[in-house]
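I opened this notebook to record what I looked up about open space and charge pairing. The entries follow the order in which I made them.

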Amino acid sequence: MTFSDIPKTELHLHLEGAAPPAFIRRLAAEKGVRMDGVFDENGAYVWATFVEFLATYEQACEVLKTPEDFGRLMAAVLAEQAANGVVYTEHFLAPDFCGGGDLVAWKEYLAAMVEAAEASPVEVRFIPTCVRHMGPEHARITARITAETAGGLVTGFGMGGDESQYSAADFAYAFDMAREAGLGITSHAGEVEGPDSVRETLDALRPGRIGHGVRSVEDPALVERLAAEGVVLEVCPGSNIALGIYADLKAHPISALRDAGVAVTVSTDDPPYFHTDMTAEYRGLSEQLGWTQDDLDAINRAAMKAAFCDEATRAKLLATFNGA
Ligand code: ADE
Ligand code: ZN
């Protein structure tokens, strides 16, 4: 079996961040939108720091205007994931880019994305996500329209964006609203900020999963807490390395976290920005960290156990991974 053939789950993927540069360029040309500074001479996304990455990302999103654009994007991203062996995925979607918080507009965007998702062989669930640096008021609006549309493929609520802005507690009201609507909870933390950010997020937002969370490794007591409470980390090694958080895979804490009893899963985050895909992630774990097929099966089982899906889907997908 080649690395691309291995069946995979991917819990942490931003739909807009997975847009291939050629897809964004084509839309920009169709709409006559200028994309100054977004691409380099080779057509790749341009950024150097975490904050620049977020800025380029938001600039690229400016061409994604209509529900149809998002439906096309969903179809393109799922085709790419299927080619990398992904059988189950959850997509972070930012309603701020889909109608700016208007419920009627959001429903139209959602309908277009659901149609594309249902046409794909990949099993998909959606995690509408607030953008931390847009602030708590935006987050409340995002949580409200997510709660209004909970059910079907909308099964989670999350937060991305600049982790250095605001404190996790500022977003507690939004997350409580989402939890009351029955949504699974995840939030980025411990990616660019350290263990305190993860601890605050656990205390204030009570997520079952943490996006990244890798810098928890700097605090043994926190690692113990994650293991004891069964909090699942959505680890994205290629993303962390591209953003300069770790020099390379050998310096990455994924194996240490796993060996300390923390449930880890593997995803790509924003693959074209970070020059990665799920095949490359699995190849790296195997060839550079010595992970076996059993180890890879274990992360997929951990992911399916933590997936924001119904029990029938969970059982069906768990059976895909050996030793379920
Ligand atoms: N939004 C998209 N990718 C992100 C990341 N890696 N961290 C925070 N917010 C994001
Ligand atoms: Zn992310």
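Predicted model: local features only at pLDDT ≥ 70, side-chain atom pairs only at ≥ 80, totals over all residues.

**Entry 1. The largest pocket**

I first looked up the volume of the largest pocket and noted about 170 Å³ of space. I then listed its lining, which comprises 15 residues. Glu80, Asn84, Pro271, Thr276 and Asp277 are the ones that lie nearest the centre.

Which elements each supply at least two residues of this lining? I recorded strand 1 (8-14), helix 3 (67-83) and helix 11 (271-274). Helix 3 gives the most, with three residues.

I also sorted the lining by residue class. Eight residues are nonpolar, four are polar and three are charged.

**Entry 2. Salt bridges in the structure**

I turned next to charge pairing. Side chains of opposite charge can pair when their charged atoms come close. How many salt bridges does the structure hold? I noted 19, and I followed several of them individually.

**Entry 3. Glu90 and Arg209**

Glu90 forms a salt bridge with Arg209, and I recorded 2.8 Å between the closest N and O atoms. This pair links distant parts of the chain: Glu90 belongs to strand 2 (residues 86-93) and Arg209 to strand 6 (residues 209-212), 119 residues apart. I checked the accessibility of the two partners and found that both Glu90 and Arg209 are buried.

**Entry 4. Asp219 and Arg199**

For the salt bridge between Asp219 and Arg199, I again noted closest N and O atoms 2.8 Å apart. Asp219 lies in the loop between strand 6 and helix 8 (220-229), while Arg199 lies in helix 7 (residues 195-205), so the pair ties together parts that are 20 residues apart in sequence.

Why does Asp219 count as buried? Its relative accessibility is 17%, and buried means under 20%. Arg199, at 26% relative accessibility, counts as partly exposed.

**Entry 5. Arg258 and Asp295**

Arg258 forms a salt bridge with Asp295, for which I recorded a separation of 3.4 Å between the closest N and O atoms.

I looked up both accessibilities. Arg258 is partly exposed, with a relative accessible area of 27%, and Asp295 is partly exposed as well, with 22%.

**Entry 6. A network**

Finally, I asked which residues are linked in a network of salt bridges.

Notes:
Residues numbered from 1 in each chain as written. Chains lettered and ligands numbered in written order. Heavy atoms only, no water. 1 Å grid on protein atoms, 1.4 Å probe; cavity = no way out; pocket = protein on both sides within 12 Å on 5 of 7 lines; lining within 4 Å. Points joined across faces, edges and corners; volume = space filled by probe spheres on them. Helix = DSSP H or I, 4+ residues; strand = E, 2+ residues; numbered from the N terminus. Nonpolar A, V, L, I, M, F, W, Y, C, P; charged D, E, K, R; others polar. Salt bridge = Lys/Arg side-chain N within 4 Å of Asp/Glu carboxyl O. Buried < 20%, exposed > 50% of the residue type's maximum accessible area, 1.4 Å probe, protein only.
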